[in-house]
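Dear colleague,

Please find the structure below.

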Amino acid sequence: MFETLKAHQAKVADRRFEEMCDAARAAAFTAQTGDLILDYAKTNIDATALGLLIDLLNQTGVAAKRDAMFEGQPINETEGRAVLHTALRNLDGDPVIVDGKDVIPAVRATLDRMAGFAEQVRSGTFKGQGGAITDVINIGIGGSDLGPAMAVRALSPYHDGPRCHFVSNVDPADIAEVLRSCDPATTLVIVASKTFTTIETMTNARTAKAWMGETVNDPAAQFAALSTAADKTGAFGIPSDRVFGFEDWVGGRYSMWGPIGLSLMIAIGPDAFRAFLRGGQAMDTHFRAAEWPENLPALLALVGIWHNQVCGYATRAVLPYDNRLGRLPAYLQQLEMESNGKRVSMDGVDLPVDSGPVVWGEPGTNGQHAFYQLIHQGTRVVPCEFLIAARGHEPELHHQHQLLIANCLAQSEALMRGRSLEEATAIMAAKGLTGAELDRQARHRVFPGNRPSVTIAYPTLDPFTLGQIIALYEHRVFVEGAVLGINSYDQWGVELGKELATALQPVIEGKADATGKDGSTAALVAYLRQNGA
Ligand code: F6P
């Protein structure tokens with residue numbers, strides 16, 4: 001399947017794609033839905049490559065797989081589950097039938113309950129022992145943390161509810177610092193855990209309950225739970241009217257659209273939260289309807305496949321020139337790497353190509369003063385994904401935003417153009433260098449260029465746009481996984497470490513010895529115990 005693509009790539013690998021990048025190419029290799037655009041003109045993908053990539057979508061039946069997902073078929077085959085996070089943002093679409101039942105009425109009823117509770121908290125009708133809620137602490141990890149934490153930061157200009165804090169790490173430093181900054185009498189703790197068994201979350205939830213119990217007579221009265229496990233939330237002492245449930249067809253890393261988004265809803269209000277859902281729903285509609293050459297999630301996936309499985313670039317950098325998207329790379333690390341970091345296809349056969357790439361990044365311009373050196377002059381090619389808004393939320397500082405835009409566009413231009421030895425030599429010669437010193441200095445100033453990037457641009461980062469962006473990435477992950485034939489919706493790779501941690505706990509506590517452990521682990525246990533563990 002990939003052979004033809006690889007053969008084409010080998011043929012065109014050395015060409016300077018800058019030379020193709022005229023206005024016609026920019027128009028042809030930019031796709032748009034609503035106000036959001038995806039520019040992939042600064043890549044080496046040409047019409048032939050695009051045609052072959054689209055063939056890949058057809059050969060692997062991506063359209064049928066997409067429809068199966070939206071229709072609620074159990075495409076998460078290793079767990080026998082449907083994959084229906086799209087139902088959570090289906091505000092006015094068709095019924096979705098799972099096991100003979102339309103799931104949409106329950107989804108909308110839960111959304112209304114969330115909205116009712118969020119309004120009570122925001123208006124001060126729901127009170128802590130000490131009065132109106134001033135602080136909300138979301139305790140969760142992975143998908144029960146990264147989505148709302150990312151979105152609360154992204155949408156800070158819309159944040160008019162109580163302060164929101166996020167505790168995820170079992171490292172006591174995380175919760176200790178948050179608790180220190182809150183008054184238990186006016187704090188609401190939200191325990192966010194799909195399974196309500198995750199050791200980090202349950203440990204932090206117990207710590208928070210004990211902290212609150214030192215001041216508040218009925219700590220459970222200031223707790224809410226977001227989970228699929230109603231029995232376990234009850235056992236923890238949280239009354240059912242403050243439990244917001246969802247079904248197992250919502251994967252953890254896809255769950256911020258429903259109850260797991262409660263902290264976001266409390267922060268920005270139900271109307272803005274619905275605008276976020278509408279943005280996701282708009283991307284769903286586009287993904288289902290647009291032809292592949294105009295389909296943003298499909299195109300973003302094909303660019304990813306071209307760079308990763310065809311060109312062999314092992315990582316991709318996500319570089320938001322939008323400081324409020326500072327947590328987007330971390331969010332995408334889970335979304336993409338937990339979904340597509342799989343070594344066997346759905347039927348258990350080894351993949352013939354690499355699995356999904358390593359995803360990493362930081363906001364620009366900060367990254368420019370840190371790791372961009374490697375991106376520009378290192379020996380490895382790192383495909384980059386830039387995100388940029390036309391407008392910020394600080395009109396009085398618009399000129400500063402223009403400087404941000406200039407930097408973003410300059411980076412993708414520099415990656416593509418590079419600087420030749422001749423150009424570098426001319427620059428250094430103009431500074432007065434000559435002879436061997438000129439040669440030596442010039443070589444350090446060469447940029448190979450021909451380094452690919454895509455740019456996602458939008459008018460401004462509002463709730464609707466954030467919904468579009470997140471759904472765009474979700475569907476990109478879906479398409480990449482569907483082409484590879486893997487199950488993007490399980491995560492068995494996280495289990496072994498959990499099991500070993502559980503077994504090691506009594507060894508660390510000195511209640512069991514390290515018999516049977518490898519030499520390195522046993523020695524590390526001994527060192528840490530000798531030093532106070
Ligand atoms: O260990 C991985 C994982 O299962 C993620 O997939 C999930 O988002 C996270 O842990 C948290 O799980 P839960 O919401 O059940 O606490």
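The largest cavity in this predicted model has a volume of about 80 Å³. A cavity is a set of points, on a 1 Å grid over the protein atoms alone, where a 1.4 Å probe fits but cannot get out, and lining residues have an atom within 4 Å of a point. Grid points are joined across faces, edges and corners, and a volume is the space filled by probe spheres set on the points.

Lining this largest cavity are 14 residues, with G304, H307, R316, P383 and E385 nearest its centre. Two or more residues each come from α13 (296–310), β12 (315–321), β14 (384–389) and β15 (453–458); α13 gives the largest share, four residues. Helices (H or I, at least four residues) and strands (E, at least two) are DSSP runs, numbered from the N terminus.

The count of cavities of 30 Å³ or more comes to two.

Residues are numbered from 1 along each chain as its sequence is written. Local features need pLDDT of at least 70, side-chain atom pairs count only at pLDDT 80 or more, totals for chains, interfaces and linings use all residues, and side-chain values use heavy atoms, with hydrogens and water left out.

Yours sincerely

Definitions and conventions: 1 Å grid on protein atoms, 1.4 Å probe; cavity = no way out; pocket = protein on both sides within 12 Å on 5 of 7 lines; lining within 4 Å.
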